[in-house]
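Work each task first, then compare with the solution below it.

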Amino acid sequence: MFSAWMEANKTYIEARNLTYSTFLFKFVYDKRYRRWKPHKRGHRIGRLIWVPPSTGELYYLRMMLTVIKGPTCFDDIKKAGGIVCESFRDACFEMGLLNDDKEYVAAINEAKDWGSEYFLRKLFVTMLLSGIINRPRHVWEKTWKTLSDDILYQQRQATNRRDEQRSILYKIMEYVNKQRGGVFFLHGYGRTGKTFIWRTLSSALRSDKKIILIVASSGIASLLLPSRRTSHSKFKIPVPTLDNCTCNIDKDTEHYELFESTDVRI
């Protein structure tokens, strides 16, 4: 019905002076032929169904349909001031149907004096998700320097971490490739890349056809592993573990042969 309305605007001159809702005053839809035609008698009332602002472009399309008369294509609906806008949202702004979002730019600029850049970005995302900003791109262009002020620092920190990760990775691989043996204890704060190191290490060694066993000390931690095995399960460690306990692994078993052929245990 909607696309047929635009086709009707091409055919009937009187339709070009009507909006989508007032179009029903003079036209009726023929379901059989899927086209609009002038109705001969009676009086009809047209209306546009309500859509929430969270629907995005659909909401702004509906808004434009209340003022645009006689469009023959979607570009005609996006046209404002003789120019075809990139989106229905931009067309609504050019038509004066939306505010200029100055209050949201001012809110971000005010918060920069006491809030961190992370907080400012979270504030901006909250504004986007709530659908209250009429022109997100405009707000971004006015505030992007403030929102990204700490990006260079974050990247420098990440680069330094990667250099440290690389040196740790090469050192362990050197011991493995030369079969020197050894025990390494890797520690650090959260999100410093510990999981990334052991995943990279295991992938690199497995690509060289080496056997790697990866276990975790607890069931919760094992959820991060592809095998999801705990050390107690894999190495047959008794629970509770006492000073005189031994792992329950028989010598003439496949379990024992696996440990014998293992190159690295994580």
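**Exercise 1.** Find how the axes of α5 and α7 run relative to each other, and which residues make the contact.

*Solution.* Start with the axes: those of α5 and α7 come within 10 Å and cross at roughly 5°. Axes here are lines fitted to C-alpha atoms, for helices over the stretch in contact, with angles from 0 to 180 degrees between N-to-C directions. Angles under 35 degrees count as roughly parallel, over 145 as roughly antiparallel, 65 to 115 as roughly perpendicular and the rest as oblique. α5 and α7 are therefore roughly parallel to each other. Next, list the contact (heavy atoms within 4.5 Å): α5 brings Val-105, Ile-108 and Asn-109, while α7 brings Val-139, Lys-142, Thr-143, Thr-146 and Leu-147.

This is a predicted model, in which local features need pLDDT of at least 70 and side-chain atom pairs count only at pLDDT 80 or more, while totals for chains, interfaces and linings use all residues. Residues are numbered from 1 along each chain as its sequence is written, and side-chain values use heavy atoms, leaving out hydrogens and water.

**Exercise 2.** Repeat the analysis for α6 and α7, and sort the contact residues by class.

*Solution.* Take the geometry first: α6 (residues 117-130) and α7 (residues 136-147) pack at about 175°, their axes 11 Å apart. α6 and α7 are therefore roughly antiparallel to each other. Then name the residues: Glu-117, Leu-120, Arg-121, Phe-124 and Leu-128 of α6 meet Pro-136, Val-139, Trp-140, Thr-146 and Leu-147 of α7. Finally, classify them: seven are nonpolar, one is polar and two are charged. Ala, Val, Leu, Ile, Met, Phe, Trp, Tyr, Cys and Pro count as nonpolar, Asp, Glu, Lys and Arg as charged, and the others, Gly among them, as polar.

**Exercise 3.** Work out which residues of α7 are buried, which are exposed, and what the buried ones pack against.

*Solution.* Apply the cut-offs: buried means under 20% relative accessible area, exposed over 50%, and partly exposed in between (1.4 Å probe, protein chains only). Val-139, Thr-143, Thr-146 and Leu-147 of α7 are buried. Down the helix axis these buried residues fall within an arc of 70°, so they line one face of α7. The arc is that of the directions from the helix axis to the C-beta atoms. Arg-137, Glu-141 and Lys-145 are exposed on the other side of α7. To finish, look at the partners: the buried residues of α7 pack against α5 (102-111) and α6.

**Exercise 4.** Examine the backbone at Arg-34, Gln-179 and Pro-240.

*Solution.* Keep the background in mind: most residues other than glycine have a negative phi, and most peptide bonds are trans. Arg-34, in the loop between β1 (27-30) and β2 (35-38), has a positive phi near 55°. Gln-179, in the loop between α8 (151-177) and α9 (194-207), has a positive phi near 50°. Last, a cis peptide bond joins Val-239 and Pro-240, with omega about 0°; Pro-240 sits in the loop between α11 and α12.

Notes
Helix = DSSP H or I, 4+ residues; strand = E, 2+ residues; numbered from the N terminus.
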